[in-house]
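Morning, everyone. Please have a look at the model first.

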Amino acid sequence: MSTEPATPPHVGIGLAGSFLPPLVALAIAAVVGDLLILSFGEAPSAVFRLLVEGTWGNAYGIGQVLYKTTTLVCTGLAFALAGRAGLFNVGAEGQLAAGGFGAAVVGMLLPAGTPALLAVPLCLLAAMLVGAGVGAVPGALRARFGASEVIVTIMLNFIVLAFLNWIVSSTLHVPETLHTPPIVAGMMPRFADGFAAFRGSAANFTIVFAVLAAVANWWYLFRTRSGYALRAVGLQPDAAEYGGVRVPRVLLVTMCLSGALAGLGGMNFVLGYKGYYEEGFAGGAGFLGIAVALVGRNHPFGILGAALLFATLSQGGLAVNAIVPKQLTDILTAVVILAVATAVPEVQKQLRAAAANVTAAFYRDARKGVS
Amino acid sequence: MTMTDAMRASDLPAIRMTGVVKTFGAVVANRDAFLDVAAGEIHALVGENGAGKSTLMRVLAGMYAPDAGTVQVNGKDVTGWKTQDAIAAGVGMVHQHFMLVPTLTVAENVILGMEPRKGMQVDLHRAVIEVESLCKKCGLHVDAKAKVADLSVGEAQRVEILKALYRGAKILILDEPTAVLSPPEVRDLWTVLRALKADGGTVVLITHKLDEVIAISDTITVMRGGMTMSRFATEGTTPREIARAMVGRDVQLHLDTQGDADSWVAPVASAPSAAPVLRVTNLSVKSDRGARAVHDLIFEIRPGEILGIAGVEGNGQTELLEAIAGLRAMQSGRIELASHDVSSRSVHERADLGLSHIPEDRHRRGLILDYSIAENLILGRQHHFGSFGTLDAARIATHAAEQVQRFDIRPAMPSLPARALSGGNQQKIVIAREMGREFSVLLAAQPTRGVDVGAIEFIHAQLRAARDAGRGILLVSADLPEVLALSDRIAVMYGGRFVTVLPAAQCTAEQLGPYMTGAAV
């Protein structure tokens, strides 16, 4: 064409581009929130003031938000990394729990008094390895047999969680509780250890690892050959294969890395907060990671922002519980997710791809059944 | 334009588009475009890539609403109508890029949206029968029960045409239908179109190929830069005249030089003593459907030689090239590159031994459309751009800037995604990547498919220059004149075998035809 585009069309996902949709989504959520609060006969301004005061208004609130952010960053990164390779990892919940369990077991087995400089990396390694192991199952099934990772990860969540519960309740639990004995080494320093103001909040230094993981993710995706191959597989697997990328291998490796990221999140509760593994500690953070990644548009730095947002809403629910039900913020979370899923083309594309992936798997199976 | 044409056009045309303007953001696709198509004629709409032909036709088919201008079909103003309205009015469009459901069968795709029913259920049996009889009637051959995912590009194209005809299209718009067809298939298509015309149908054909324009059309409209440049009656015009209107200058056409085969024989081609750069021995390969696609093939290519493969698409060419490139498992045989056995080597290892590959489908394999030009220019070579598993952004940028300039990729903005470029410029990215480096063997599959005359001229010059520089080239093209014009030797592939191999200087299209259809096996 003789006329060249005057402005270059959208190139990649810039940071500025990832900010606008969540802000619009937030504005919509605020309007819906107003209506809900009014329906309870309360003043929106009062409720929102309470929400902000209870989260960003004091050190305890900030600490709680940062604690929740940490887990969400890990599960968000886990989902996003898989998403970049065209994989839809719904298994972060199980991977998160398994990672926490791995860290707890290593923390219990280490001799008491192991220096933190040795114990923390060992627990970290355990969390990531166990998470990677759980991620490897759907990865291998997809790479080898073309089994839909959506279905396998959903199923595997049940299996992993039930299996962990069985181990804990049959052999490892402290009587009358649902948790393991406390770890003896590898405890993460808490913010409260250094700053008295954070006393009582669960904020701990696992967040440093989460932020480092986000930076490493960005570097891996955009500055390494493996990241180039990973994104190529996600966009056009046939072209990636043509470019010498071993596609099944990338799928397997990506699911392992995704599982490792989710597993890293398990450290936050086990090493950073309670000091033991407890049944049900993941509490949906694995699934909320999907929303974090979608709102953060699969960009590592977008995910940091999205995780902060969802953590704020989650903590804010507790803060406003005195005058309106805390489910209010659950609804706001849902509205944000819906608004982003509706408004952002890439998110729609990713969701459609996941649906097609599942349909194709069912279709394949149906065909096999017939012939 | 003859008097009768002018009168026919003014007397209730099937299609009349006036002053059509269509913009996409800052890009003006159509500015003041006109089109008059008389009922019952075959009208060729020609122009370079990005001239706005497809956009204009999409406006006609109801996919886009024009920003300005009017659209009339059979005298009725239908400006801004929707696709469903267009289909209901008998306007059907066959797109350049297929709009098929790959997991469904041919018959299921054709009937999609207007399924014959038996009670509550879709009557698939009747669908197959209906589609098969439609195939027979139109002379378009395709297995109604085959899955679309397993079809070759040419076969998928035929399904698209069937789809439009099944919906009772009276005005059929074809967007570069022959880009993926072999000469016999093209002849079959012409038969279909002529039958449609005899039946009172109207056909608008978007094409780049001037020989086709001359062969089939009654009237020609030429577009350039989004505008209608000129309108000719086909009778009494020449390819050169049309090409000049398209490009705005004189162009070297291989059509004109076809009879002059001697001028294409390179000096090195007559050195058969040189060791072959590619040797294929007893190669057998299976297709996706598990059938034997390549049978026990033996051939070699020497430096400075272009071996052209002529043949109807779907006779094993795709599988052969994929096997040589390392993208498809071999059943048996041996592939040697410069006397290294590469039969079990990876894609990267083969590339490093001097193998380059222009794949047949640049949208599926050749490019990652959402990657930038710079990122696409290292695809398959990414292990040479950085150490310890990293990528060296500065080197990638320098490399891109060089290649963009050397191969005249436009717009010359390496950060632009490949998707934003026209077909010809997209293909130049592939050419730049595969030919802009040291290589000894080039697999060139449909190197000029869907690109404009200017780019064809450029790509042909690149292929000839590579041959003259002593490279060995395996050329596969559905465009027989292209094979004839470029090759030193021509092999005709039919049913997975080379049924004949001839020196190009002795070949004519008429001579090769019987081999291509299997009649002369």
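I start with the contact itself: Ala92(A), Glu93(A), Gly94(A), Gln95(A) and Leu96(A) in α4(A) meet Ala285(A), Gly286(A), Phe287(A) and Gly289(A) in α12(A). Contact here is when C-beta atoms, placed from the backbone, lie within 7 Å. Those residues divide into 4 nonpolar, 4 polar and 1 charged.

The model is predicted, so local features need pLDDT of at least 70 and side-chain atom pairs count only at pLDDT 80 or more, while totals for chains, interfaces and linings use all residues. Residues are numbered from 1 along each chain as its sequence is written, and chains are lettered from A and ligands numbered from 1 in the order in which they are written. Helices (H or I, at least four residues) and strands (E, at least two) are DSSP runs, numbered from the N terminus.

Back to the helices. The axes of α4 (residues 92-109) and α12 (residues 285-295) of chain A come within 6 Å and cross at roughly 130°. Axes are lines fitted to C-alpha atoms, for helices over the stretch in contact, and angles run from 0 to 180 degrees between N-to-C directions. α4(A) and α12(A) are therefore oblique to each other; under 35 degrees is roughly parallel, over 145 roughly antiparallel, 65 to 115 roughly perpendicular, and the rest oblique.

Now chain B. What is the strand order in the open sheet that begins with β18? The order is β18-β19-β20-β15-β21-β22, 6 strands with mixed pairing; strands pair if DSSP finds at least two bridges between them. β18 (355-358) and β22 (497-503) of chain B are the edge strands. Inside the sheet, β15 (residues 305-310) and β21 (residues 489-494) of chain B run parallel, joined by 4 bridges, and Leu307(B) stands opposite Arg489(B). Helix α16 (residues 423-435) of chain B packs on this sheet, touching β18 and β19.

The other open sheet has the order β6-β9-β10-β3-β11-β12 in chain B, also with mixed pairing. β6 (91-94) and β12 (227-233) of chain B each have a single partner strand, so one side of each is left without a neighbour in the sheet. Here 4 bridges join β3 (residues 42-46) to the parallel β11 (residues 219-224) of chain B, with Val46(B) opposite Val222(B). Helix α9 (residues 239-247) of chain B touches β3, β11 and β12.

Note on methods:
Contact = placed C-beta atoms within 7 Å. Nonpolar A, V, L, I, M, F, W, Y, C, P; charged D, E, K, R; others polar.
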